[in-house]
Amino acid sequence: MADELSWHTQGQTLILRGELDRDTLPTLWLQRQELLDGIRFLDVSGLKRVDSAGVALMLHFYHQQQRGATLALTGVTDRLRTLIALYKLQAILPCAPSASI
């Protein structure tokens with residue numbers, strides 16, 4: 001069974017923990033509007049696993065924020081960076097070295 005997905009905000013950062021996949025992301029998806037208000041960074045360093053549905057959610061978050069603010073990923077692991085590269089999303093999903101909290 002997949003690890004639970006949990007999240008919290010700290011300043012302008014939404015911090016994700018656990019696994020972000022097609023089984024765990026529906027609750028996060030339902031709360032996306034409220035969660036993204038004022039968020040500039042998405043800290044993914046606490047994610048143990050991300051699948052293509054998780055990457056699609058990050059892409060949606062990025063595009064949703066483009067209406068007013070930018071959103072950058074922080075804490076990107078080598079595995080996630082590889083997945084982003086496989087989908088050729090490097091230019092679309094910006095990765096910041098670390099979040100300013």
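**Exercise 1. Find which elements cover the buried residues of helix H3 in this predicted model.**

*Solution.* Start with the covering elements: they include strand E2 (13-20), helix H1 (26-30), helix H2 (32-35), strand E3 (41-50), strand E4 (72-74) and helix H4 (78-86). Helices (H or I, at least four residues) and strands (E, at least two) are DSSP runs, numbered from the N terminus. Contact means heavy atoms within 4.5 Å.

Next, list what gets covered. The buried residues of H3 are Gly54, Val55, Leu57, Met58, Phe61, Tyr62, Gln64 and Gln65. Buried means under 20% relative accessible area, exposed over 50%, and partly exposed in between (1.4 Å probe, protein chains only).

A bit of background on spacing: an α-helix has 3.6 residues a turn, so residues three or four places apart point the same way.

Before moving on, a word on the ground rules. Numbering runs from 1 along each chain as its sequence is written, and side-chain values use heavy atoms, with hydrogens and water left out. As the model is predicted, local features need pLDDT of at least 70 and side-chain atom pairs count only at pLDDT 80 or more, while totals for chains, interfaces and linings use all residues.

**Exercise 2. Check the length of H3 against what its residue count predicts.**

*Solution.* H3 covers residues 52-65, which is 14 residues. The expected span is 1.5 Å times one less than the number of residues. That gives 20 Å, and the end C-alpha atoms are 20 Å apart, so the two agree.

**Exercise 3. Work out what the side chain of Asp51 does, given that Asp51 is buried and has no salt bridge.**

*Solution.* A salt bridge is a side-chain nitrogen of Lys or Arg within 4 Å of a carboxyl oxygen of Asp or Glu. For charge, Lys and Arg count as positive and Asp and Glu as negative, with His and the chain ends not counted. The nearest side chain of opposite charge to Asp51 is Arg49, at 4.5 Å.

Now look for polar contacts (a pair of N or O atoms within 3.5 Å; within protein, one must be able to donate a hydrogen and the other to accept it, and residues adjacent in sequence count only if both atoms are side-chain atoms). At the start of H3, a side-chain oxygen of Asp51 comes within 3.0 Å of the backbone nitrogen of Ala53. The Asp51 side chain also reaches the backbone nitrogen of Arg22, at 3.2 Å.

Finally, the surroundings: not counting residues up to four places away in sequence, Asp51 touches Leu20, Asp21, Arg22 and Leu83.

**Exercise 4. How many salt bridges are there, and which residues make them?**

*Solution.* The count is two. In one, the side chains of Arg49 and Asp21 meet at 2.8 Å, N to O. Arg49 lies in strand E3 and Asp21 in the loop between E2 and H1, so this pair ties together parts 28 residues apart in sequence. Arg49 has 40% relative accessibility and so counts as partly exposed, whereas Asp21, at 4%, counts as buried.

The other pairs Asp23 with Arg22 at 3.9 Å, N to O. Both Asp23 and Arg22 are exposed.

**Exercise 5. Find what the buried Arg32 reaches.**

*Solution.* Arg32 is in helix H2. Arg32 has no salt bridge, and Glu34, the nearest side chain of opposite charge, is 7.7 Å away. Its side chain does reach the backbone oxygen of Trp29, at 2.6 Å. Leaving aside neighbours within four places in sequence, Arg32 is in contact with His60, Phe61 and Gln64.

**Exercise 6. Is Val44 buried or exposed, and what is in contact with it?**

*Solution.* Val44 belongs to strand E3. Its relative accessibility is 2%, so Val44 counts as buried. Setting aside neighbours within four places in sequence, its contacts are Leu16, Met58, Leu73, Thr74, Gly75, Val76 and Leu80.

**Exercise 7. Sum up the whole chain.**

*Solution.* Count the elements: four helices and four strands. Along the sequence they run β-β-α-α-β-α-β-α. Of the 101 residues, 43% are buried. Among contacts between residues at least 6 apart in sequence, 67% join residues at least 24 apart.
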